[in-house]
Amino acid sequence: MAQLTDDCFAFGGPLLAIDDVERLIAERVTPVAETEDAALADADGRVLAADLVAPVDLPPFDNSAVDGFAVRHADLGKGETRLAVVDRLTAGSASSRSVASGEVICIFTGAPMPHGADTVFMQEDVRVEGPAVIVPPGLKRGANRRLAGEDVKRGSIALPAGRRLQPQDLGMAAALGLRTLAVRRRVRVAIFSTGDEIVEPGAPLPAAGLYDANRRLLATMLSRLGAQVTDLGILRDDAGALAARLADAARGHDLVLTSGGVSTGEADYVRAAVEAAGKLVFWRIAIKPGRPVAMGVIRGTAFVGLPGNPVAVFVTFARVVRPLLLRLAGASPEPLIAFPVTSGFAYRKKKGRREYVRVSLTRRDDGSYVATKHPQDGAGVISSLTATDGLAELADDVTEIAPGATIGFLPYALLVG
Ligand code: AMP
Ligand code: MG
């Protein structure tokens, strides 16, 4: 386990800015230490445990980038030059002879450069006349030739430790001839929902019941981030039972994550349960939506108690759990970069907190994008997440947005990947 100290989330201020959340996580949370070898087929999204040092050059040999004719650049004149075709080289065949002065070799993309040749004419740029080709003047020396190692040099770092492996990274590893990669083990996360009203989907819905949206939302976001999820179901609003279940869950997991029961209502027992089972630090994060987020450590395992409303869950997951999870996973920091778009709405907000507004994008004739705010603001309105494209991120110090202003846009694809 990534063993945390009880006071690792301790923080003295009244309201924690999002930037400080990320800084505290980076400074105080230690990544899981264990590593394993993953086959490339199973390595998508895993975190590279060590720098990947290239065992070979890429490309492995000098070769042609086009279908055409390999020449000696020194042979080329100021006008057209007539050269004799002496051989034909396809990809996969080794060059059998060199190109002497006055000669060319017909070559195909990926075939090794023959000795003597240093430049390749594209076939569409030359005239073939019987056993000869007429090439035009003006081609640069080395044109259409790919040098060994020009992509990746043998011995260089092809991919750095901490990289969350993407499809193109796995393509790179395969190109270097590898079948497995050393990765960190998956972060183990236990999830609960809390609330007497919360009901398992598929079960009959009682009069005052609400189907559990958050566990599915959280489990899916966690899996996409490469975590190994243990689903521990729905917990009733009962302080004693909660404390026991949280303490149990802490064993064998790196993170225990709950939703609901962290505000100050009568039936909000998660805080007390964490205090009983471990150490609670209550973070008042300067973020909307997302009421206070409970952070804590239970027997060396990180605990995060998210709010109950699904939209608040989504936003606080993206801004608190995601960086925490990536840090536990040993991934390099991945700042969320908001893209500039034009606001199509007017908005007022409090200074000193970051706000996330659910928006849809439309493309204008000039190619720019306008963000339209979803009409329903409520943190429980799930359709406001399914009917929009992403979140407009309004900076901490901003108090007012006028239509036409440039605002930052975070597409959902970025937040859940
Ligand atoms: P709480 O913080 O427990 O008071 O929850 C705030 C709101 O979110 C309440 O309306 C709850 O019914 C709702 N809620 C809590 N947990 C879930 C869940 N797992 N799925 C959907 N809604 C929930
Ligand atoms: Mg509740």
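Tyr412 is buried in this predicted model, with a relative accessible area of 11%. Here buried means under 20% relative accessible area, exposed over 50%, and partly exposed in between, computed with a 1.4 Å probe on protein chains only. Phe314 is also buried, at 7% relative accessibility.

A search of the whole structure finds two aromatic pairs. Rings of Phe, Tyr and Trp (its six-membered ring) pair if their centres lie within 6.5 Å; planes under 30 degrees apart count as stacked, over 60 as edge-to-face and the rest as tilted. Phe314 and Tyr412 form an edge-to-face pair, with 5.5 Å from centre to centre and 90 degrees between the planes. Phe314 sits in helix H6 (residues 310-328) and Tyr412 in helix H8 (residues 412-415), so this pair ties together parts that are 98 residues apart in sequence. Helices (H or I, at least four residues) and strands (E, at least two) are DSSP runs, numbered from the N terminus.

Phe345 and Tyr347 form an edge-to-face pair, because their ring centres are 6.1 Å apart and their planes stand at 85 degrees. Phe345 is buried. Tyr347 counts as buried too.

| Residue | Relative accessible area | Class |
|---|---|---|
| Phe314 | 7% | buried |
| Tyr412 | 11% | buried |
| Phe345 | 7% | buried |
| Tyr347 | 16% | buried |

Next, the arginines. Arg164 is found in the loop between strand S11 (157-159) and helix H2 (167-175). Arg164 is buried, with a relative accessible area of 12%. Its side chain and that of Glu334 are joined by a polar contact of 2.8 Å. A polar contact is a pair of N or O atoms within 3.5 Å; within protein, one must be able to donate a hydrogen and the other to accept it, and residues adjacent in sequence count only if both atoms are side-chain atoms. Beyond four places in sequence, Arg164 touches several residues, including Arg46, Asp169, Arg224, Arg322 and Glu334. Contact means heavy atoms within 4.5 Å.

Arg28 belongs to helix H1 (residues 18-28). Arg28 is partly exposed, at 32% relative accessible area. Leaving aside neighbours within four places in sequence, Arg28 contacts Leu4, Asp7, Cys8, Phe9 and Ala10. From Arg28 to Ala10 the C-alpha to C-alpha distance is 9.7 Å, across 18 residues in sequence.

Residues are numbered from 1 along each chain as its sequence is written, chains are lettered from A and ligands numbered from 1 in the order in which they are written. In this predicted model local features need pLDDT of at least 70, side-chain atom pairs count only at pLDDT 80 or more, and totals for chains, interfaces and linings use all residues, while side-chain values use heavy atoms, with hydrogens and water left out.
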